[in-house]
Amino acid sequence: MAEEFLEEIYREANLSCRLKKAVEYARIHDEFHMIAICNDIFQPLCEVCKEYLQFDKEKGIALWNAIQTLVKIDNDLVMRGDIIEERILPLLKEKIKCCGGDISVENEEGDYLFESSASGFLTLKDLKHNKYIHSAADPMWEAQKLAEYIFTPEKKEYCVRGLGLGYLLYQLYGISKGTIHIHVFEKDARMVDYAKRYGVLDWMPEGVYDIILSEKPDSFLQCAAKKDMGYYVFLPEIYREASDARQKLEDKYMQFATPKKLQVESELNYWVNRRNVGMMVSEFNPESLKKDFIIVAAGPSLDDTLEFLKENRGRKTIICVGTVFRKLLEHGIVPDMVAVLDPMERIYQQIEGLEEEKVPMLVAVTAYWKYAANYQGEKYLVPLVGVHEEKENEEPWAIGGTVTHLAIEAAIRFGAKKIYLAGVDLSYPNGLSHAKGTMDRSVKSTENMLPVKGVGDSTVYADSIFIAYRKWIEDRIALTPGITFYNLSHVGAKIAGTKEVSFAER
């Protein structure tokens, strides 16, 4: 059980958390769930009120009056939500702070700090990395929102790398109504004790979870790969991992998070694109295309290959990503096709003003909807794996999160014999992110990035996103032994399966 001095604080802090959820239900006019919460916590709330009256009569009376007002309000969810948010929750917060005080204690080894959060639940700070593992405002509410974000009832089990003080584990248990089994992989045995003494691990029946102590992430990754297994990498703990383990875990996190973060935008784009694009990619006839392809991405090395692109215009098929479409046109290089994938509105600036161009465009089904709505050239919609596949009549494409992969996939499916990669740096040469004249060009510090092998056996630096992109591309190349790939970059990351050639050989 949690330490005795925390029990009352946590009980009241949990009431606050549940009342926050009641307010959320009130805001969407969900009377059924809102009333259920209020009925469930009415008696505990009254007990809190009695305790309040003993040491602060004025505020105890104020809390009691607010509770009575809440009970008497009928058929007005808006007002009920306001009463909870504006009157009850602030008074509860004051009582918790008054009774609990401010806790700030280091563990014996001096690498963790236990602190009071504003809600009353303890948060945990990793002193070695100077990072909080849980919210300093409300760890339980943070965990509830995270559980809602990652949980889907389609999964029979879940595995999580990183225990913390057990808040996420508890909320996954709660949101699933105890119907799933949760496997927790934790590298620090002390954290299990901390989660029981200072967290909420003991709030759960032991049979619904198991804890696997594992220094390396391999067992977690194997578990996460199982069919019907949901998974999550608890990012606040990832800084404690060794660099190679951290890279593996960040890659796994990206597989989950990349589509998840863009889910709302992608869903809107899908339906609008299906209405606006009449032709599917299967209707495109590639017979007139040259069998040598150049895939043009936006890495800094693109500037070194512009002459090569000019020389090969008309001799090789050029597919560019939307980021460099404008740049190529400004240099007199008209590509044979442009590919777009990003679902976010801001990225539409890539082609704004170029809507009258006639270069055929490959539009991923989840790409920002204005591409398909406004572009006047031919547009071909590309179905994607995992995106309403049941509604599609053709094979969806597996795209690893980057538009460069989309362009490479197109070249492969259009019958390429050779594929040249231009501007595919997948790293930050000299700290540069993009080629000159592109909208997102910036200089970044590589201090906290990971060193990776570069072309010519150099060392370059990449973040976890570029590393994941590179792996996806390498995996696709490995499946196409009949195609020869060339990496035209002299400053980017080494891409397994490609030949690195000098300009003279091109």
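User: How many bridges join S3 to strand S4?

Analyst: This is a predicted model in which local features need pLDDT of at least 70, side-chain atom pairs count only at pLDDT 80 or more, and totals for chains, interfaces and linings use all residues. Residues are numbered from 1 along each chain as its sequence is written, and side-chain values use heavy atoms, with hydrogens and water left out. Strands are DSSP runs of E with at least two residues, numbered from the N terminus, and two of them pair if DSSP finds at least two bridges between them. S3 and S4 (residues 131-132) run antiparallel, and the number of bridges joining them is two.

User: Which residue is the bridge partner of aspartate 126 in S4?

Analyst: The hairpin of S3 and S4 has four residues between the strands, and asparagine 130 takes a positive phi near 55 degrees there. Across the pairing, aspartate 126 has as its partner in S4 lysine 131.

User: Which residue stands opposite lysine 125 in S3?

Analyst: Strand S2 (residues 112-116) pairs with S3 in the antiparallel sense, over five bridges. Opposite lysine 125 stands leucine 113.

User: Is S3 largely enclosed or exposed?

Analyst: Buried means under 20% relative accessible area, exposed over 50%, and partly exposed in between (1.4 Å probe, protein chains only). Leu122, Leu124 and Asp126 are buried on one side of S3, as are Thr123 and Lys125 on the other. Because five of the five residues of S3 (residues 122-126) are buried, the strand is largely enclosed.
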